[in-house]
Amino acid sequence: MELYTLLSVFVLVVCIIISTLLYYFQYQKHKDGTLNLPPGKMGLPWLGESLDFLTAMRNGGKPEIFIFSRLAKYYGSEQLNGVFKTRLFGNNVVAMAGTTTNKLIFANENKLVTMWWPPFINKAFPSSNKKLSINEDFAKKKVRQMEIIPNFLRKTEWLKRYVPLMDDCTRRHIAAGAWGPSDRIEAYTVAKHYTFNVACRVFMNIEAQDDPDTVASLFDPFNVLLTGILSFPIDLPGTKFNRAIKASKKIREKIGNIIKKRRMDMAEGKAAPTQDILSHILESSIDPTYLNDFDLASMILGLLTAGQDTSSNIITFIFKYLAECPLVYEAVYKEQMEIARAKEEGELLNWEDIQKMKYSWCVACEVLRLAPAVQATYRVAITDFMHNGFLIPKGWKIYWSTHSTHRSPECFPEPEKFDPTRFEGQGPEPYSFVPFGGGPRMCPGKEYARLTILTFMHNIVTRFKWETLLPDEKIIISPIPRPEHNLPLRVFSH
Ligand code: HEM
């Protein structure tokens, strides 16, 4: 036992010395009198300021506190465009927010910075080609080059087809009693089922009401994946992370079978080439060297993952803010009822209807401002460069935060106030409202998400009104924000 303790202490001391030396040499290498690292504290080896960072997210649900308190400390005021250094989970990090930072990141993708994901994420989204991992330039080039994602997620002619599909799916979802047997629902649970059902329908033509077993067989492991993929990355039997990897394999196998069957159905003329995103991809004859069925299943899973919790998070917060702001609810109701009254009985929503939902989209934008699903993402510096007079060394990670910009009074006066009219007319200043990112890596699912959100708003607001059952429910961020008890609501039919 004593030997074990001694060994542990020895290993810890060696780690501390190595990390300190590494940091010292890295710092010295760039310290030539004129070049300076940003102010900040690196904290303990490996751990750095990770605990403070996690506390700000989990307890207060306010990650911007981590940024604002340090900006105040290092600059004497909450200077939004300031930068500071820190260490998070073993990485040397420069934290940045504000409009000049956003401009810098968006304009210099692959010049000064490039996307960075913790390498363990690849375990859940593997590729048949080792080069095709999500961290590789190769993947970016090939996937983008083939324009797969923009083609089916951004093209207006395709998006137009999704609107009635989404509306039909939402109506069936509500009619099937997805709201629960009583007038009490959990908004987060409803939103998760809704966005998943819509994705199954639009991506793979699987309708939850017609084929509940297939949807459930994907939904359950999918949630295990979403919970585990961002947990502590220890791949040992029984850990959440390990369960996530297994769940990913299971879903990819199922999607793989769906792809195989679809190929046959299309060859026999049983499936239309335009019926959903999957048919569209298969129809576009992508060179299998770059995207075989294994990779395609992994890519579809990646898209479902990127779109699922993000969209359901926004829908959950729309429920919350509409319950808390009756005047805003009334204005959305008025707009949506005008659209509903102009339709024939049973007629589905179409693209033109969505374009009329201007105020509703302002409401969704205000929700995206206050509770952005992607609170921040990472980049890595691919070369040394200067920002605000400080050196950002090659290899350091950049913690690029949307929430701090969105909550800053410099960009949004009275930032805590829920005010959808901020988005009317000219809207916010350029680079201040960035829930979908910007530049070459801007979210390709933005329009798809807009359609999902507005279709849902139309269907719930024209049918129901609701009140929260747990006022002041705590918000936690893990890493997507959500109400701690899934936002229980009492719902009233109109
Ligand atoms: C309200 C919903 C959504 C929000 C707030 C959101 C936000 C974002 C943000 C901020 C990024 C950029 C990350 C960065 O710059 O590092 C991103 C990337 C991405 N999003 Fe979304 N997203 C949403 C919905 C979706 C949906 C529905 C899909 C797919 C169907 C999707 C697919 C993706 C993909 C594939 C990327 C990576 C793009 C790349 O690396 O080039 N997102 N999203």
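**Figure 1. Asp472 in the loop between strands S9 and S10.** In this predicted model, Asp472 is placed in the loop that runs between strand S9 (464-468) and strand S10 (475-477). The phi angle of Asp472 is near 60°, a positive value in a residue other than glycine. Is Asp472 buried or exposed? With a relative accessibility of 76%, Asp472 counts as exposed.

Figure 2. Tyr431 has its place in the loop between H16 and H17. Its phi angle is near 70°, which is a positive value in a residue other than glycine. Tyr431 has a relative accessible area of 35% and is partly exposed. Cys443 also belongs to the loop between helix H16 (402-406) and helix H17 (446-461).

Figure 3. A search of the whole structure finds zero disulfides. For Cys169, the closest cysteine sulfur is that of Cys200, at 8.5 Å, too far for a bond. A disulfide would require the two sulfur atoms to be within 2.5 Å. Seen from the other residue, Cys200 is in no disulfide, and its nearest cysteine sulfur is that of Cys169, 8.5 Å away. Cys169 counts as buried at 1% relative accessibility, and Cys200 counts as buried at 1% as well.

**Figure 4. The aromatic pair of Trp46 and Phe89.** In the whole structure, a search finds 22 aromatic pairs. One of them joins Trp46 and Phe89 in an edge-to-face arrangement, with 6.3 Å from centre to centre and 75° between the planes. Why does this pair tie together parts that are 43 residues apart in sequence? Trp46 lies in the loop between helix H1 (2-30) and helix H2 (50-58), whereas Phe89 lies in the loop between strand S1 (83-88) and strand S2 (91-96), so the pair links these separate parts. Both residues are partly exposed: the relative accessible area is 45% for Trp46 and 28% for Phe89.

**Figure 5. The aromatic pair of Trp158 and Tyr162.** Trp158 and Tyr162 form a tilted aromatic pair, 6.3 Å from centre to centre and with 50° between the planes. Both residues belong to helix H7 (residues 156-175), where they are four residues apart, about one turn of the helix. Trp158 and Tyr162 are both buried.

**Figure 6. An aromatic cluster that includes Trp46 and Phe89.** Trp46 and Phe89 belong to one aromatic cluster together with Phe53, Phe66, Tyr74, Phe84, Trp116, Tyr378 and Tyr399.

Figure 7. Where does the charged end of Lys320 sit? It is placed over the ring of Tyr321, 5.6 Å from the centre of that ring. In a second example, Arg369 lies over the face of Phe412, at 5.0 Å from the ring centre.

**Figure 8. The largest nonpolar core and the contacts of Ile255.** The largest nonpolar core has 100 residues, and those with the most contacts inside it are Tyr162, Phe203, Ile255, Phe319 and Trp466. Helix H12 (residues 293-324) supplies the largest share of this core, 14 residues. Which residues does Ile255 contact, leaving aside its neighbours within four places in sequence? Ile255 is in contact with Met204, Leu218, Ala297, Ile300, Leu301 and Leu304.

**Figure 9. Lys358 in helix H15.** Lys358 is part of helix H15 (residues 358-370). With a relative accessible area of 59%, Lys358 is exposed. Lys358 and Val332 are 26 residues apart in sequence, and their C-alpha atoms are 9.4 Å apart in space.

**Figure 10. The protein chain as the setting of the close-up views.** How many helices and strands does the protein chain have? There are 17 helices and 12 strands in the chain. Of the 494 residues in the protein chain, 52% are buried. Among contacts between residues at least 6 apart in sequence, 70% join residues at least 24 apart.

How values were computed:
Residues are numbered from 1 along each chain as its sequence is written. This is a predicted model: local features need pLDDT of at least 70, side-chain atom pairs count only at pLDDT 80 or more; totals for chains, interfaces and linings use all residues. Side-chain values use heavy atoms; hydrogens and water are left out. Helices (H or I, at least four residues) and strands (E, at least two) are DSSP runs, numbered from the N terminus. Rings of Phe, Tyr and Trp (its six-membered ring) pair if their centres lie within 6.5 Å; planes under 30 degrees apart count as stacked, over 60 as edge-to-face and the rest as tilted. Buried means under 20% relative accessible area, exposed over 50%, partly exposed in between (1.4 Å probe, protein chains only). A charge sits over a ring if NZ of Lys or CZ of Arg is within 6 Å of the ring centre and within 35 degrees of the ring normal. A nonpolar core is a set of buried Ala, Val, Leu, Ile, Met, Phe, Trp, Tyr and Cys residues joined through side-chain atoms within 4.5 Å. Contact means heavy atoms within 4.5 Å.
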